[in-house]
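Open the model in your viewer and keep the sequence panel beside it. The tour goes from one selection to the next.

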Amino acid sequence: MLLSFLKIRAIVNGKEIYPLVNTKPVVITVQQNNPKVVVTDGYHFTKPLKLVYKELPVYCFKVVCSISDKQLLGGFIVWSGLYLSGYLTGMLVIKVFSFLPIIYLLLFYYLNRDEFIRLVPVLD
């Protein structure tokens, strides 16, 4: 779900840029062997992946995020529960603690640059 908010792009051989839409597969054809593929959102970059075509003529990958939908939903539930309880009781300490899940997710987003976006092979 988080990847749907980001503009994900695939860069092939450092020259060709392909926008990746969240719901549609993208076919990228290359003319030469051993292309290097990098996926980025502008801030995070995957490690360059070198494809060798003597093993397989087609490779299928899925772009995944290290913050799963369950973690995002859990952070929202904890945040809203703590904030509502702090709002109803009037305790400032609970309101301040309610922002810990947001701070955790933001730190994870900004400090985990190498592993935030990953290419995972899809096995059919």
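Is Tyr43 buried, partly exposed or exposed? Select Tyr43 and show its surface: the relative accessibility is 29%, so Tyr43 counts as partly exposed. Bear in mind throughout that this is a predicted model.

**Stop 1: the aromatic pairs**

The model holds ten aromatic pairs. Start with Tyr43 and Tyr109, which are stacked. A stacked pair needs planes under 30 degrees apart.

Now colour by secondary structure. Tyr43 sits in the loop between β3 (36–40) and β4 (49–50), while Tyr109 belongs to helix α3 (residues 100–111). The pair therefore ties together parts that are 66 residues apart in sequence.

Stay on Tyr109. Its relative accessibility is 17%, so Tyr109 counts as buried. Tyr109 also pairs with Phe116, this time edge-to-face. Here the centres are 5.0 Å apart and the angle between the planes is 90°. Select Phe116 next: Phe116 is buried, at a relative accessible area of 0%.

**Stop 2: an aromatic cluster**

Select Phe76, Trp79, Tyr83, Tyr87 and Phe99 together. These five residues form one aromatic cluster. Keep Trp79 highlighted for the next stop.

**Stop 3: two helices**

How far apart are the axes of helix α1 and α3? Show helix α1 (residues 69–89) along with α3: the axes lie 8 Å apart, and the helices pack at an angle of about 150°. That angle makes α1 roughly antiparallel to α3, because the class starts over 145 degrees.

Zoom in on the contact. From α1, pick Leu72, Gly75, Val78 and Trp79. From α3, pick Pro101, Ile102 and Leu105. The two sets meet here. Colour them by class: the contact of α1 with α3 has six nonpolar residues, one polar residue and no charged residues.

**Stop 4: the cysteines**

How many disulfides does the model have? The count comes to zero. Select Cys60 and look at its surface. At 37% relative accessibility, Cys60 counts as partly exposed. Then move to Cys65. Its relative accessibility is 14%, so Cys65 counts as buried; the limit for that class is under 20%.

Methods. Residues numbered from 1 in each chain as written. Predicted model: local features only at pLDDT ≥ 70, side-chain atom pairs only at ≥ 80, totals over all residues. Heavy atoms only, no water. Phe/Tyr/Trp six-rings, centres within 6.5 Å; stacked < 30°, edge-to-face > 60°. Helix = DSSP H or I, 4+ residues; strand = E, 2+ residues; numbered from the N terminus. Buried < 20%, exposed > 50% of the residue type's maximum accessible area, 1.4 Å probe, protein only. Axes fitted to C-alpha atoms, helices over the stretch in contact; angles between N-to-C directions. Parallel < 35°, antiparallel > 145°, perpendicular 65-115°, else oblique. Contact = heavy atoms within 4.5 Å. Nonpolar A, V, L, I, M, F, W, Y, C, P; charged D, E, K, R; others polar. Disulfide = S-S within 2.5 Å.
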